[in-house]
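Thanks for coming. I will keep this short and stay with what can be read from the coordinates.

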Amino acid sequence: MRPDDRHYLPSHEWVKSDGDTVVFGITDFAVEELSHGNEDDLVYCDLPEPGRKLIQGETFGEIESVKAVADLNSPVGGEVIEVNKTIEDHLQVLAKDPWDKGWLVRVKPDDNSTEHLLDAAGYEASVGEAEG
Amino acid sequence: MRHTPLHDEHQPLGGKMVEFGGWHMPVQYGPILDEVRCVRERVGLFDLSHMGRFTLRGPDAVALVDRVATCFCARIPVGSIRYGLLCRATGNPIDDILVYRGTDEIFLVVNAGNADADREWLLSHTDGLDVQFEDQTEELAMIALQGPLSEESLARVTTDIDLAELGYYKFAHGTVCGSPNVRISRTGYTGEDGFEVYLPAERAIEAWQALLESGQASGMAPIGLGARDTLRLEAGMPLYGHEIDAQHNPIEAGLKFGVSFHEEKGDWIGRAALEAIHAAPTHSLVGLTTDGKRVPRQGYSLLSGDENVGTICSGAVSPTVGKNIATAYLPLHLAQPGQVVDMDLRGKRQACTVVDLPFYSRKRS
């Protein structure tokens, strides 16, 4: 079971509340899909600058592996207030700890709505078939 | 999805399986870049049983190939192999192929994803010719050994043939892992020395396991299609659907070596169109290298100033070159080594420099 202290998009991003901000990341499943279990196959992560306004469901960055490139989608709308700069040069952090040290951006959300997101059980169900 | 005779071997070796050309194939067993290095430095083992394999027999088998393929089949010595393409009248390829000239038969190796179209094309151009067509894709497994230690690796399990005497793009028959009269060619799609072996499907698993077991002494590893794609791109070899397709022609792709305009070959499908392009090409396939982190991908636009001048055909992280690399068609005035063009990444740009193909060629002893 994946962490139940946060919400998910079916496209494998997570969002976790932290005081009056939220942080975004991607799931272990997303990392596995990109790197096939080989952390050195991750080559690049493009993240937005602080101050950038994000729109719910739209792309806020890209992540790329040797063989694939994937969009990073915003689970909620808001303004970027901090970026995890460590990630851009140390992509293996994503493979080792996608839930905590592998956070991507900290965002001041437009509102606190989460109805459009999956909870951990819902996300498990959505990836269950792919993992089967 | 279709399964090769070796399908069930791959996942226990760590193989990640994907769909490719209608087949369920291993894309990688470990890190792709490690697999590339393994082939460049030692030897890799590949299941290529998805490739289409056809045999043509009968008095006009050679004539059929000379009618539909760009290479001059009647001039291929028995025991030799040539690269060629099947082209439409427009000169645009349906596929690229290898032609093995045997004593009594022509053996063709074609791309998995085009095998049905190739078969149909061949069979629809047999008017007036006495040719028997046989599809051997299912009955034969195809295993490749690629890398500088290929010969010593294959020699451990092979008898009745002197591999050292088998020249590049030549084939002969020998006993492989106890399977007699197996076709062995000194060919490959990686830019390294190596062999491709065609043995009965029912003997494939035994041979695969024996090759891996005895190959340990040479540092052999199984290699997936991901590394194969990087290896062939580094070696400047085209892949159908990337460098060549219904919109591109072999002349501008730099494949003139596989196209014969020899008078004695007579007319063949696409000849007139390709002669015209040969006389006045407008574009050229080039290599690109980039110092940036972003990996070029098929479909990305190339800009010169604000003008869209081309599209990436293939791109890869190249551990051999030490940079990210790509191929693209550029207008001739830009297709010069040292020319800089920008790759468009949704409005961001990354500079790419034109270089000669191939990116890599092995030092021959």
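This is a predicted model: local features need pLDDT of at least 70, side-chain atom pairs count only at pLDDT 80 or more; totals for chains, interfaces and linings use all residues.

Next, the barrel in chain B. Six strands close it, in the order β15-β18-β17-β16-β19-β20, with antiparallel pairing. From one strand to the next the twist averages 45°. Take one pair from it: β17 (residues 307–318) and β18 (residues 323–331) of chain B are antiparallel and share six bridges. Within that pair, Ser314(B) has Thr327(B) in β18(B) as its bridge partner. Across β17 and β18 of chain B lies helix α7 (residues 225–234) of chain B, at about 120° to β17(B).

Chain A gives us an open sheet. Its six strands run in the order β1-β2-β3-β9-β8-β5 (chain A), again with antiparallel pairing. Which strands stand at the edges? They are β1 (7–8) and β5 (53–54) of chain A; each has a single partner strand, so one side of each has no neighbour in the sheet. Further in, β2 (residues 13–18) and β3 (residues 21–26) of chain A run antiparallel and are joined by six bridges. Asp18(A) sits opposite Thr21(A) in β3(A).

As for the two chains together, 10 residues of chain A contact 12 residues of chain B. The chain A side of that contact has four nonpolar, two polar and four charged residues.

Nonpolar side chains in soluble globular proteins tend to be buried together. Here the largest nonpolar core has 133 residues, and Val65(B), Val99(B), Ile106(B) and Ile143(B) have the most contacts inside it. Strand β9(B) supplies the largest share of this core, six residues. Setting aside neighbours within four places in sequence, Val65(B) contacts Leu56(B), Cys73(B), Val99(B) and Ile106(B).

Arg101(B) lies in strand β6 (residues 93–101) of chain B. Is Arg101(B) buried or exposed? Arg101(B) counts as buried, because it has 21 C-beta neighbours inside 10 Å and the cut-off for buried is 20 or more. Beyond residues up to four places away in sequence, Arg101(B) touches Cys73(B), Ile76(B), Pro77(B), Val78(B), Ser80(B) and Ile106(B).

Last, some backbone details. Tyr169(B), in the loop between β10 (158–159) and β11 of chain B, has a positive phi of about 60° although it is not a glycine. With 16 C-beta neighbours inside 10 Å, Tyr169(B) counts as partly exposed. Asn181(B), in strand β12 (residues 179–185) of chain B, also has a positive phi, near 55°. Asn181(B) is exposed, with 11 other C-beta atoms within 10 Å. Finally, Leu357(B) and Pro358(B) are joined by a cis peptide bond, with omega about 0°. Pro358(B) lies in the segment after β20 (348–355) of chain B.

Key. Residues are numbered from 1 along each chain as its sequence is written. Chains are lettered from A and ligands numbered from 1 in the order in which they are written. Two strands pair if DSSP finds at least two bridges between them. Helices (H or I, at least four residues) and strands (E, at least two) are DSSP runs, numbered from the N terminus. Axes are lines fitted to C-alpha atoms, for helices over the stretch in contact, and angles run from 0 to 180 degrees between N-to-C directions. Two residues are in contact if their C-beta atoms, placed from the backbone, lie within 7 Å. Ala, Val, Leu, Ile, Met, Phe, Trp, Tyr, Cys and Pro count as nonpolar, Asp, Glu, Lys and Arg as charged, and the others, Gly among them, as polar. A nonpolar core is a set of buried Ala, Val, Leu, Ile, Met, Phe, Trp, Tyr and Cys residues joined through C-beta atoms within 7 Å. A residue is buried if 20 or more other C-beta atoms lie within 10 Å of its own, exposed if 12 or fewer, and partly exposed in between; C-beta atoms are placed from the backbone.
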